[in-house]
Amino acid sequence: MMEKIYRNLVLIAENNYDLYKIISLFLEKEGFSVLRAHNGKVAELLLSIYYDELAFCILDVSLPKKYGESVLKYMKNEDKLKDIPVIMISNLKDEEDIKSLMDLGALAHIKKQKSSVHEIMNKLKEALISSGTRKINFKYGN
Amino acid sequence: METDKTLIKAKGVYLGGAEIPQKGGLAFGGVDLKINAGEFVVFFGPAGSGNSKMLWVLAGLSKPKKGEVLTSGFRVGVVPGSYALISTLSVLDNVALPLAFKGLSRKVRYKMAAEILGSLGMTEKMYDFPQDISKKEEQLAAIARSLIVDPDVIFLDDPVKKLGLRSSKILFDILHEQNSKRKRTIVVALDDSELFYYADRIFFFRSGKMIKEGINAKRPESFDIFNEGSLKRSNADLAVALADNFLGLGDADFRKKLEDLILKRLEGRLSDGGLEELLKRSQKDGGVGLLENSVQALLRRVDIIFYEREVLKKEQKKETVDIGELRKRVLAGYSKKLSMLQISRLEEAVERFLGKIINDKQFKKILSLPEIQGGIGFSYADAKKILLKLNSFFRK
């Protein structure tokens, strides 16, 4: 029987270093390995290299050089990238803006504003569990 | 920084380790790469991608299962990810330790260690123990320990894992200095793109293979060229710097093409319109294929260089300086009215200052002394401002 391959790599495209560190610590504890892109262009470059190892991708909306929204659009237009689950992080207040992000194909949206680290982590966990991505935290060659 | 001197050459290095099943068979394959003397290289990849492993292999601390690593003989400094300081020894003892194996006397060892720690701003923490200092200081101590053997190459395995952004940048500034001023080769394994900025080349690792090589065009040296003024620089240097400013991570070929075009324009072999057309033309048709905005921005930069050169030429032709005009420019923004006596004294002071008869300090003194004592009667702060302005006019 062919062995099922689980992916355990996460791309975090986040220009806030502290938030990236916190998210990466959480994910590493959960058994993921993490890559960071500090701007939208690098995020696209890393996506093109590591696309078939990615479990999911966390994108900040306000990335330098290229907005997270544009990166998301780019991902959804590329055959090899469109199935990677994307979790957006932003300071957006307007529900309509958030809805338009979800319409573009984001799996979930996390508000940075006025959220404690704990809340962000909980939302991240929820999104992972609901998408089934969380199950990836398995040993190899099950 | 590009040199022709190859320092390390890896041929078909097969990175052993866990055999993780992947789509294309086993995870680890042969890696070929070259590192030149004086380069700043990043091995980028997530945990388990083989980037750290490759670093250890090149440093000679790990043996590849297959393949070979050829080196041209150099001293190696290694900074492991866990810093590996000995907790029962003080920072100074830790740093001085490698010299003990060289048979140097205790006095010499401590003197050298203290010097290196001092250069990294660690003098105050010299006698502390590793558990009593911060993560950043631990990292600096580990770097000091690697520097004490006067290495040609420094290998660092994920040096920023435990650091915040500010500490990371300080650390990379230190590495950059070691690279640019001391001509040391730096090899770093990383999983964060923020620090690409410092590197000459970036190797991307995936599943034990090196799958892409990127050239970082925005490395700090290229920014310095603009800081020092475009006038003293050669056309070739300017072309490299300009091309750097408009490319992020790019192909070497593509970058070369852009550099050539800019150089042609700077040397007058290509017209403004010609450059614009070639920049816009797609790569398929032999152009560069830049976007409209980038093309316009690039053309503006080239224009500025031409403009600056023209201004400089005019300034060089002027042999005498009009002191009256200069006085007006120096006083621009100064609201109080000056008496005739003050004006004549100021002009005299400016003339003497430009003739190097008086220095900065004496100039400020004349300006700030009361009129009755032979000065002009400016406040000290105003005198300082005027001196600054005057200096700024003649800096070029």
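This is a predicted model: local features need pLDDT of at least 70, side-chain atom pairs count only at pLDDT 80 or more; totals for chains, interfaces and linings use all residues.
Two residues are in contact if their C-beta atoms, placed from the backbone, lie within 7 Å.

View 1. Among the contacts of chain A that link residues at least 6 apart in sequence, 63% join residues at least 24 apart. Chain A has 142 residues, of which buried residues make up 39%.

**View 2. The loop of chain A that carries A:Lys65.** A:Lys65 is found between strand 3 (54–60) and helix 3 (68–77) of chain A. Although A:Lys65 is not a glycine, its phi is positive, at about 70°. Most residues other than glycine have a negative phi. A:Lys65 counts as partly exposed because it has 16 C-beta neighbours inside 10 Å, where the partly exposed class lies between the limit of 12 or fewer for exposed residues and that of 20 or more for buried ones.

**View 3. The loop of chain B that carries B:Asp158.** In chain B, B:Asp158 lies in the loop between strand 8 (153–157) and helix 5 (165–180). The phi of B:Asp158 is near 35°, which is a positive value in a residue other than glycine. B:Asp158 is buried, because 20 other C-beta atoms lie within 10 Å.

**View 4. The packing of helix 2 against helix 4 in chain B.** Helix 2 (residues 91–100) and helix 4 (residues 135–147) of chain B pack at an angle of about 25°, and their axes are 7 Å apart. Helix 2 and helix 4 of chain B are therefore roughly parallel to each other, since angles under 35 degrees count as roughly parallel. The crossing in which helix 2 of chain B passes helix 4 of chain B is right-handed. On the side of helix 2 of chain B, the contact is made by B:Val91, B:Asn94, B:Val95 and B:Pro98, which meet B:Ala141, B:Ala144 and B:Arg145 in helix 4 of chain B. By class, the residues of this contact between helix 2 and helix 4 of chain B divide into five nonpolar, one polar and one charged.

**View 5. The packing of helix 13 against helix 14 in chain B.** The axes of helix 13 (residues 360–368) and helix 14 (residues 380–394) of chain B are 9 Å apart, and the two helices pack at an angle of about 135°. Helix 13 and helix 14 of chain B cross in a right-handed sense. From helix 13 of chain B, the residues B:Asp360, B:Phe363, B:Lys364, B:Leu367 and B:Ser368 meet B:Tyr380, B:Ala383, B:Lys384, B:Ile386 and B:Leu387 in helix 14 of chain B. The residues of this contact between helix 13 and helix 14 of chain B comprise six nonpolar, one polar and three charged.

**View 6. Two stretches of chain B with pLDDT below 50.** For the model as a whole, the scores are ipTM 0.81 and pTM 0.63. The average pLDDT of chain B is 79, and 85% of its residues score at least 70. Over residues 23–27 of chain B the pLDDT stays under 50, and the model has seven contacts for this stretch beyond four places in sequence. Residues 222–230 of chain B also have a pLDDT below 50, and this stretch has 12 contacts in the model beyond near neighbours in sequence.

Technical notes:
Residues are numbered from 1 along each chain as its sequence is written. Chains are lettered from A and ligands numbered from 1 in the order in which they are written. Axes are lines fitted to C-alpha atoms, for helices over the stretch in contact, and angles run from 0 to 180 degrees between N-to-C directions. Helices (H or I, at least four residues) and strands (E, at least two) are DSSP runs, numbered from the N terminus. A crossing is left-handed if the near helix is turned anticlockwise from the far one by less than a right angle, and right-handed if clockwise. Ala, Val, Leu, Ile, Met, Phe, Trp, Tyr, Cys and Pro count as nonpolar, Asp, Glu, Lys and Arg as charged, and the others, Gly among them, as polar. pLDDT is the predictor's confidence in each residue, from 0 to 100. Angles under 35 degrees count as roughly parallel, over 145 as roughly antiparallel, 65 to 115 as roughly perpendicular and the rest as oblique.
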